[in-house]
Amino acid sequence: MSAPTTAAAVVDTAVAHGVEVVLGVPGTHNLELYRHVQRHVAAGRLRHVVPRHEQGAGYAADGWARATGRPAMVLTTSGPGLLNALTAAATSYADSVPALYVSPGVPRGEEGRDLGTLHETRDASGAVGRLLAASTRADGPATAAAAVARALAPGGRRRPRHVEVPLDVMELPWDGAVPARVPYEPPVPAPDALARAAALLRGDVVVLAGGGALDAGGPLRAVAEALDAPVLTTTAAKGLLDEDHPLAVGAHVRLRAAQEALAAADAVLVVGSELGDSDLWGGAVVPRAAVRVDVEEGQLDKNLAAGELAALHGDAGATLAALLPLLAPRRRGGADRAAALRARCRAEALRDAGPGAELAEAVGRVLPGDAVLAGDSSQVAYYGAVHFTRRDRPRRFCYCPGFATLGYALPAAVGAALALPGAPAVALVGDGALMFSVQELMTAVEQRLPVVTVVVDNGGFREIRDGMLARGIPPLAVDLERPDLVALARAFGADAEPVPAGGLEDALARALQRSLERRRPGVLVVDLT
């Protein structure tokens, strides 16, 4: 065994702090890191998966973390390897998804000198630090290990972090001391703040839950039932309350019907949501009174105009558990109000869903409860699955509304399937989006993952085409030539079949059921051209 080095410090600390999978592409400059990844893989402590592009590695890490709440490690080489992964890293940042990114860097003293060395980047850590929660350029093994430990620390608003190891630091000797795990005490608001919040939650209340509430499902349900309050969620929290629960309205917060209900309520309880435009689609949450719970204090005054506001800085689960005993259980016809709002939201969603409603409901008919559904920034996801595919538990819907990147769903489904052995994953994509990451079909085949990709072929970038026409712009660069997608998928080694447009919902449900039963990668191509 080689002597411990900075490279060992990075990998050993990651494993000691809970990393289970490394998603990476080996390159000339990260081979010492791979020496220690291989050591842990051989000992059964770590799994390594090589996606076919670094961006795919980042999206797979995002899917892993959304499915589990735990970060994966993305290992790239310097220069282009790291830069290839940054769109995925920024996607995770936008949606508060944790990940650890590790890359080599130019030796100390060579930053910005323009020497023409291999993969030279002027200031990689500086660039990444402007995009993610933090980037640390390590000056030795202790700094590197501490940065890894901070990146993997529990609690708070978790986002991706980056550690850069300069090439001259990579093989410096290390004493082998792995940093201790950082203890986390969930913040809970003071009793007087909780009492004021409880006093505001009177009359007809509506609950709005976001991604910051994902691990607070039990307390959220208890509070909603005590208040007899309908529950709306953002897309990040889809399924947090079983969407068949009498109080569940669904992930419909972008719709005007939902926003009108929030405005009409006597009070709104907002838990773990930034209320961003990516969720509200140009709308706003303007209630008479609001109680807002967020683990990040800076979020408490964003994007919310309320007549009265109680701001509770605290962990969602701990805060809701502390609030619950202060609430007098009441019956306000909550189930009836939720049912009426669901009906209004469905009617509104159907107006722009097109065939997406049929497609999404077909998927919902056959998708097992433990399966993960991943949606790309494609119409079939944001007009379809968000509204029409019900989920009965959290962390089973991977979608990226914040950065809204094309090419996300397939590698995210790969990451989720890696995280949940035995659970199938379905990726919903448009034909344009698929071509951004189609190479990750090879990863799914190589890893023998039960990932089924449903491709809606509508001839290119249909949403952008519609936007051009709405502005009086003759369509340009939106009607795309496509390969034979069934043949392409089979060339990768996946099962593939076309789905006829006639009797679309039944045809897709039957085809998806067949594909899921095979327990291996599959592709279903729905031709809507």
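K238 counts as buried, at 2% relative accessibility, where buried means under 20% relative accessible area, exposed over 50% and partly exposed in between, with a 1.4 Å probe and protein chains only. The side chain of K238 meets that of E243 in a salt bridge (3.0 Å, N to O), and E243 is likewise buried, at 7%. This is a predicted model, in which local features need pLDDT of at least 70 and side-chain atom pairs count only at pLDDT 80 or more, while totals for chains, interfaces and linings use all residues. Residues are numbered from 1 along each chain as its sequence is written, and side-chain values use heavy atoms, with hydrogens and water left out.

**Salt bridges**

- A search of the whole structure finds 29 salt bridges, each defined as a side-chain nitrogen of Lys or Arg within 4 Å of a carboxyl oxygen of Asp or Glu.
- R52 is partly exposed, with a relative accessible area of 33%, and E446 is partly exposed at 34%.
- R202 and E308 also form a salt bridge, their closest N and O atoms being 3.5 Å apart; R202 lies in the loop between α7 (191–200) and β7 (205–209) and E308 in strand β12 (residues 308–313), so the pair ties together parts that are 106 residues apart in sequence.
- R202 counts as partly exposed at 44% relative accessibility, as does E308 at 36%.
- D62, R66 and D95 are linked in a network of salt bridges.

**Buried and exposed sites**

- D294, in strand β11, is buried yet has no salt bridge, the nearest side chain of opposite charge being R292 at 5.3 Å; here Lys and Arg count as positive and Asp and Glu as negative, with His and the chain ends not counted.
- The side chain of D294 does reach the backbone nitrogen of E296, at 2.9 Å.
- Eleven of the eleven residues of helix α15 (residues 409–419) are buried, so this helix is largely enclosed by the rest of the structure.
- R448, in the loop between α17 (440–446) and β16 (451–457), is exposed, with a relative accessible area of 69%, and its C-alpha lies 6.9 Å from that of P521, which is 73 residues away in sequence.

**Pockets**

- The largest pocket holds about 930 Å³ of space, a pocket being an open set of points on a 1 Å grid over the protein atoms alone where a 1.4 Å probe fits, with protein on both sides within 12 Å along at least five of seven lines, and lining residues having an atom within 4 Å of a point.
- Its lining has 44 residues, of which D95, S96, G211, G212 and L214 lie nearest the centre, and the elements giving two or more residues to that lining are α3 (54–68), α10 (277–280), β11 (289–294) and α11 (316–323).
- The second largest pocket holds about 650 Å³ and is lined by 40 residues, with S378, Q379, V380, Y382 and E463 nearest its centre.
- The largest share of the lining of the second largest pocket, six residues, comes from α14.

Definitions and conventions:
Grid points are joined across faces, edges and corners, and a volume is the space filled by probe spheres set on the points. Helices (H or I, at least four residues) and strands (E, at least two) are DSSP runs, numbered from the N terminus. A polar contact is a pair of N or O atoms within 3.5 Å; within protein, one must be able to donate a hydrogen and the other to accept it, and residues adjacent in sequence count only if both atoms are side-chain atoms.
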